[in-house]
Amino acid sequence: MSGKFQGQEIDVDVPTCYGTYSTVWLAKDLLEARYVALKILIAAAHKGCSESKVLRSLSSGKADHHGRAHVPSLLEEFTIDGPNGCHLCIVSEVVGCSVAQSKEASITWKFPVNVARAISAQLLLGLDYIHSCGVVHGDLHSNNILFKTPSLEGLTIEELYNRLGDPQKLPVERLDKCPTGPEVPRYCVLPAIIFQSSEDVVDAQVIISDFGEAFFQDQERKDLHTPILLLPPEFLFYERLGQAVDVWTLGCTLYEVLGERPLFEGFMPDEDHTIAEMISTLGHLPKRWWDRWQRRTDFFLEDGSWKTDTDRSHAPYSRPLAERLRIMGRGEDPSTCEFSPPEMKALEGLLRAMLTYQPSERITMRAAVNSEWMEGWGTTFEKVPSISSSVAKTQAPEKPSSAPPHSVLPTKTLLRSLLVTTISSHQALLVPCLSILSFLTKPRGVLLDVDRNPLIHWFLKKTFYDHFCAGEKESQVRDKIRQIKSTGLRGVILTYARETVQDSSTNQTQFAHSQVSQKATDTESCEFIAAWREGYLKTVDMLGEGDFLAPKLTGAGPKVTGAFASGQPVPTQMVEALDEVCQRVVEKNARLLMDAEQHSFLQGIHNLTLDMMRKYNRNGKAVVYNTYQAYLKSTPSTIASHMEIADREGFTFGLKLVRGAYMRSDPRQLIHDTKQDTDIAYNSIVRGVLQQRYQGFGESGRRFPTTDLFLATHNIESAVAAHELHQARLQAGHPTGRVEFGQLLGMADGVSFGLLQLKDQNSVAPGVYKCLTWGSMGECLGYLVRRAAENKDAVSRTMAEHLALKAEVRRRVRAFFG
């Protein structure tokens, strides 16, 4: 079926699974041109369903938590009315078969040992993230753990059917041959078969799915629908249910994932059989439960020993956890077992802690993530790079991964990057492209308007725009953010493209593709400022916890830029708008990097940013950062003067350092004579801040002000040198400051993902972010011109990136053809 539901045009293709309360369909979002999973709940479940609320809560959790990649994202929700009532529909990303289906399709009933470890580690991280959001899953088992599928994007419906098979429709008829009513479908569709056997799984990436039974930790819940052999003891003895129930069920599930059989077994088991299996594995129950267990005499004598004769057709017998681990299917002799004795001991310790009877004494997921097994063996699968960077260890620093940095890029992104760098690394191609982009930035009528000429818009969108920009619509931006974070990067820096550009040769100011009339600037309440406020509040709403906002103050229009250029105070309306944006950033637990702009506006921007620092950079943490451009000769002294203000007034100094991006518009005499001079200035500032000795600060008894440093650089040597200096000072116990890194979307992916491979002594990667610009094509043109110019001025670095991308393409082609 297809239709338009609350603004979403969706074409429903084939079902992927059926359940008691819902059916999940593989569908295509026609507006976003992507395949999605569409879960349609039965009408009776609509009112009492909290699944979408839970998914919204999970979407707002900590963005830098490594378990976030292992829970589903809520893309959309809506309702449809049918003859049976109102149905809630939940849209999420497409996933594949379950762990249980994969094992059932195999001969050995088990995964390769490194795959099993990787899945287990991801589950521990994923459940830790779920619990950090205050959520109880309530139905965690191997049928609700799904593999992420290879991307379906770009496939036509015909190609999709060639891969999955045509939908098989079966007519629905009454046994008495009477006609069916409107409440009964005319036919049913068999679910698509999309699983692979466990032996064939190589790159294991899983998510914890199906939150239909989930609830919040502060809610009271008395019922569970978990498979009977996984039910926790507190449920069987009618005690309070909380997050500990998930710990128990995950403990049972880890045994099943790591081996070939379930932990607890039985033929047509009931609850009493499950309790007996617990005792068989873990020892006697706490006395209060033992005394309340009415059917214990089916299995035990009065003295607590096992019965040898029983009326039950199948009864458990004593098989302690250590014995069950020995026969789990990895080799019963220690000399041949795929798990070494130290790993087996650590695994037994973890499972015993997760399967502690008393819920209050059961290990928390945070502690499980930091367990001995997780630290020693939960990170060994090289084909799951997200795991190796996910778990804190107390061992020596690891060597960088041998995996190429670009290996994490989706193939579509990789190929587009190769196209763009092919152009950028060849002057004969880049110079004409740069001239065309510069030509289009100036309004020239409808025919050459990038927002109104569909052909120009389409070409730029599919090439430069999609490569360097995040999207024109909020949904596109959110998708891009999710994609960025799925690669292991800490988060994003999000900016709205609207800005003012001033030609230094003519001093003429152009407001990029504004749709606000010039009359708006003459009113007391400036519509430019109001539009800027609205745009950035919308941008803040797209941020996750820990992300950055990067506002361009010149986007607020002529009144603001005029004040900046003349040294006058900005309008009160602008100050209030910026303050409101900062407050919203704080509420999101995000931070703000005031974006760099042309020199003619810098003094006013610096003054306004320092005012925001005074208000928000308290308690030893920088929320607001100012951007300083190292290519300007005045930057070192400017930083020193701002440090002095921060030290005198007692706020944390937020310092974002860039080399600079306005060489085509800033007066040449203000810029260092050579690139080498800029590099020297950049590196000396970084070294001074990290060593806490800079232009007199930190020397001769003069205190060094608390400073948080953010390095925006595409220079791998500068980035690695800063990271190594920071780590060396930490390990030596010398004073230093916080440092994080950022690169622009579509540029320097080798730097971004190369930094992720550098680990500290706890095997934690540095904080690396991608800077995303969003806005209409017209609003982003100035930004695109600067990116093209930056590549023109750094051909050697662009060529290095181009060669690395070509090498990654060759590697994937060779891997595909064996």
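Below, a few labels on this predicted model are set against their cut-offs.

Me: What makes α7 largely enclosed?
Reply: Buried residues make up 11 of its 12, so the rest of the structure largely encloses α7. Among the buried ones are H273, I275, M278 and L282. They pack against α5, α6, α8 and α9. Just after the helix, G283 has a positive phi of about 95°.

Me: Why is the pair W293 and F299 called stacked?
Reply: Stacked needs planes under 30 degrees apart, with centres within 6.5 Å. W293 and F299 come in at 20° and 5.8 Å, so the label holds. These two also belong to a ring cluster with W290, F300 and W306.

Me: Why does W293 count as buried?
Reply: The cut-off is under 20% relative accessible area, and W293 has 3%, so it counts as buried. F299, at 2%, is buried too.

Me: Why is the pair F548 and Y625 called edge-to-face?
Reply: That label needs planes over 60 degrees apart. Here the angle is 75°, with 5.9 Å centre to centre, so edge-to-face it is. The pair links distant parts of the chain, F548 in β18 and Y625 in β20, 77 residues apart.

Me: What makes R702 a charge over the ring of F697?
Reply: The distance limit is 6 Å from the ring centre, and R702 lies over the face of F697 at 3.9 Å.

Methods. Residues numbered from 1 in each chain as written. Predicted model: local features only at pLDDT ≥ 70, side-chain atom pairs only at ≥ 80, totals over all residues. Heavy atoms only, no water. Buried < 20%, exposed > 50% of the residue type's maximum accessible area, 1.4 Å probe, protein only. Helix = DSSP H or I, 4+ residues; strand = E, 2+ residues; numbered from the N terminus. Contact = heavy atoms within 4.5 Å. Phe/Tyr/Trp six-rings, centres within 6.5 Å; stacked < 30°, edge-to-face > 60°. Lys NZ or Arg CZ within 6 Å of the ring centre and 35° of its normal.
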